[in-house]
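Subject: Structure for your files

Dear colleague,

Please find the structure below. My notes on it come after.

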Amino acid sequence: MADQDKVTVRLSSLPETLLWNLYHRAYEARQPRTVLHDPMAIELVDRLDFPFEKTFGPPHPLLAQGQALRVRTFDAAVQSFLADHPTGTVVNLAEGLETQFWRIDNGRAHWLGVELPETAELRRALLPDTERRRTLAQSVLDLSWMDEVDTEGGVLLTAQGLLMYLRPPQVRELIAACAERFRGGALVFDAVPRWLSAGTQRGEKRPASGYRMPGMPWGLNAGELAKVRTAHPGVVDVRELHLPRGRGPYFGALTPVLYRLPALRNMRPTMTAIARFA
C-alpha cells in the first residue's frame with residue numbers, strides 16, 4: 001500500500017487498547033487454519049501508520065486465537081439475534097475498530113456504534129458511515145445515545161472489551177439503564193475475573209513487550225454472573241456464552257473442559273455472557 005494511503009493514528013492510553021485487539025485479531029486472521037475469517041482486520045492493520053510490534057511486541061499466538069474466539073462468540077450471539085430480528089438494530093458500545101459488520105451483516109439490519117470522540121474520528125476515517133451503519137461520538141456513559149436507537153425491529157447491544165474499564169457503579173448504572181430503556185432486548189458483554197482486574201490495577205499484568213494495559217476496575221468471576229441481575233428488575237436472565245472450539249491443546253481440548261469444572265472456571269482470563277431484559 002502506498003505511503004499516501006496510510007492513516008496516522010494517535011490515541012490516548014485507554015482507546016489505544018483497540019489497536020492491541022485489532023493487531024491480534026488480524027494476526028489470527030492471517031493463519032492458515034484461522035478460527036476467524038476477518039480480511040477487513042488485515043486490511044486495517046496494513047493501512048494504519050502505527051508501530052504495532054514496537055508498541056505491543058510480537059503477536060502472541062495463544063492470545064490472538066483467544067481474542068478471535070471471543071469475537072466469534074459475540075458474532076454468534078448477534079447472528080442469532082438477526083435470525084429472529086432481521087431488521088433489528090445492533091448497538092455496539094465502544095467497538096473500536098471491530099469489523100463485525102463485514103463478517104455477519106444480513107443486508108437489512110441497522111448498526112449503531114457509540115465511541116469516544118477520538119475513536120469515532122479514527123473509525124469514520126477508516127470505515128465511513130453508511131445509511132445502515134453509523135457511529136456516534138460520545139461516551140457510552142452519556143446516555144443520550146439511547147435516543148438514537150431505533151427500537152422498532154428489536155435491539156441487541158454489545159459491549160466487547162468495555163465494561164472492565166469502567167468503575168463498578170458505572171457498570172451497574174449502564175446495565176440498569178439498558179434494561180430500563182430496551183425492554184425485550186439483550187446485552188452481550190465480556191468480563192475479566194477479579195484476580196485479573198486486581199492485577200491490572202497494581203500494574204502487574206503486561207505483555208513481554210512492556211506495554212502496560214490500562215487498569216480494569218471491574219472484575220466479575222464466572223460464578224458471580226447472577227449478580228448482574230441485581231442491577232435492575234428488568235434483567236431477567238444472565239448466562240455465559242461458551243467459546244467455540246479452537247485449535248491446539250488449550251483451545252481445542254482444555255478450554256471446553258474448564259466450563260465443566262467449577263473450581264477452575266475463574267482461572268480463565270475472560271468470560272462472555274448475555275443479559276436478557278424483560
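The model is predicted, and what I report was computed from it.

I began with strand β4, residues 110-115. Five of its six residues are buried, so the rest of the structure largely encloses this strand. β4 is paired with strand β3 (residues 89-93): the two run parallel and are joined by five bridges. Within that pairing, Val114 of β4 lies opposite Leu93.

β4 also pairs with strand β5, residues 133-137, again in the parallel sense and over five bridges. Here Leu112 has Arg134 of β5 as its bridge partner. Between β4 and β5 the chain passes through helix α6 (residues 117-126), and this β-α-β crossover is right-handed.

Is Thr99 buried or exposed? Its relative accessibility is 0%, and the cut-off for buried is under 20%, so Thr99 counts as buried.

The side chain of Thr99 takes part in polar contacts with two arginine side chains: that of Arg25 at 3.4 Å and that of Arg103 at 3.1 Å. Setting aside neighbours within four places in sequence, the residues in contact with Thr99 are Arg25, Asp38, Met40, Ala41 and Leu44.

Regards

Note on methods:
Residues are numbered from 1 along each chain as its sequence is written. This is a predicted model: local features need pLDDT of at least 70, side-chain atom pairs count only at pLDDT 80 or more; totals for chains, interfaces and linings use all residues. Side-chain values use heavy atoms; hydrogens and water are left out. Buried means under 20% relative accessible area, exposed over 50%, partly exposed in between (1.4 Å probe, protein chains only). Helices (H or I, at least four residues) and strands (E, at least two) are DSSP runs, numbered from the N terminus. Two strands pair if DSSP finds at least two bridges between them. A crossover is right-handed if, with the strands pointing away from the viewer, the path from the first strand over the helix to the second runs clockwise. A polar contact is a pair of N or O atoms within 3.5 Å; within protein, one must be able to donate a hydrogen and the other to accept it, and residues adjacent in sequence count only if both atoms are side-chain atoms. Contact means heavy atoms within 4.5 Å.
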